[in-house]
Amino acid sequence: MDFGKSVLRALPCVAALAGLTGCGVSPGDTWIYRVSFGETDSNSGCWYPDTDPPANQESDSSTLRGTGTWIIYASIEDKIYLDTGSVTLEGAESDEGFTFSGKVVDVQYDVPDGTGSKRTTTIATTVNVITDGNAISGEAVKKTSYSCSGSTCGDKVPSCTETSPFVGTYIEDVELKYEVGGGTGAPPSP
């Protein structure tokens with residue numbers, strides 16, 4: 001799975017957010033970025049039970065880049081969000097720009113009534129955005145880890161970490177229009 005084309009596509013970038021730093025962010029502020037993703041690097045845990053990629057993938061490479069449009073916006077309570085088009089991550093300012101993160105935890109039991117061995121899969125996504133004027137760069141990291149407790153667990157499955165670099169640029173004079181309720185594009189009235 002190419003992380004840059006899936007999970008990362010959902011991550012907006014903070015190029016104009018360099019303008020955010022120091023000038024203050026207010027609820028309702030929005031920045032739109034066009035983002036391009038490099039090739040995803042995966043650790044050996046991603047090919048378990050093997051430690052090397054399959055022979056038909058080992059020497060593969062591509063200079064084609066995945067693309068996406070990210071929206072970064074400020075909401076109430078000083079919260080900043082990254083909308084990648086498929087997911088939204090909550091974030092905060094960092095020393096170099098912004099860090100966004102989110103986690104999914106899936107728990108499965110051997111028996112549907114919740115008994116037997118308990119298997120937990122956790123997928124943690126972190127997007128580190130470095131701002132430089134209207135340009136952004138950084139990496140998106142997706143870590144999938146597994147745990148099991150019970151008598152039928154078997155061997156421990158190693159975690160899989162996929163890292164995708166990205167670059168992007170702020171898009172000026174873009175207006176977002178979404179159909180809401182009656183299709184007027186305006187927020188619903190109270």
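Predicted model: local features only at pLDDT ≥ 70, side-chain atom pairs only at ≥ 80, totals over all residues.
Which hand does the link of Cys46 and Cys160 have, right or left, given the angle about the S-S bond? The link of Cys46 and Cys160 is right-handed, with 95° about the S-S bond. The two cysteines are 114 residues apart, so the pair links distant parts of the chain. Cys46 sits in the loop between strand 2 (41-42) and strand 3 (66-75), whereas Cys160 belongs to strand 9 (residues 160-170). The sulfur atoms of Cys46 and Cys160 lie 1.9 Å apart.

The surroundings of these two residues deserve a comment. Cys160 has a relative accessible area of 10% and is therefore buried, because buried means under 20%. Cys46, with a relative accessibility of 24%, counts as partly exposed.

How many disulfides does a search of the whole structure find? The search returns 2 disulfides. The link of Cys148 and Cys153 is left-handed, with -80° about the S-S bond. Cys148 is partly exposed, at a relative accessible area of 34%, and Cys153 also counts as partly exposed, at 21%. Counting bonded cysteines along the chain, the disulfide pattern is 1-4, 2-3.

I turn now to the aromatic rings. A search of the whole structure gives 6 aromatic pairs. One of them is formed by Phe37 and Phe166, an edge-to-face pair with 6.4 Å from centre to centre and 65° between the planes. Phe37 lies in strand 1 (residues 30-37) and Phe166 in strand 9, so this pair ties together parts that are 129 residues apart in sequence.

For contrast in geometry, please look at Phe98 and Phe100. These two rings form a stacked pair, with 6.3 Å between the centres and 20° between the planes. Phe98 and Phe100 are buried.

Which residues do ring pairs link into a cluster? The cluster consists of Phe37, Trp70 and Phe166.

Let me close with strand 9. Cys160 lies in this strand and is bonded to Cys46 in the loop between strand 2 and strand 3. Phe166, also in strand 9, pairs with Phe37 of strand 1. Thank you for your attention.

Note on methods
Residues numbered from 1 in each chain as written. Heavy atoms only, no water. Disulfide = S-S within 2.5 Å. Helix = DSSP H or I, 4+ residues; strand = E, 2+ residues; numbered from the N terminus. Buried < 20%, exposed > 50% of the residue type's maximum accessible area, 1.4 Å probe, protein only. Phe/Tyr/Trp six-rings, centres within 6.5 Å; stacked < 30°, edge-to-face > 60°.
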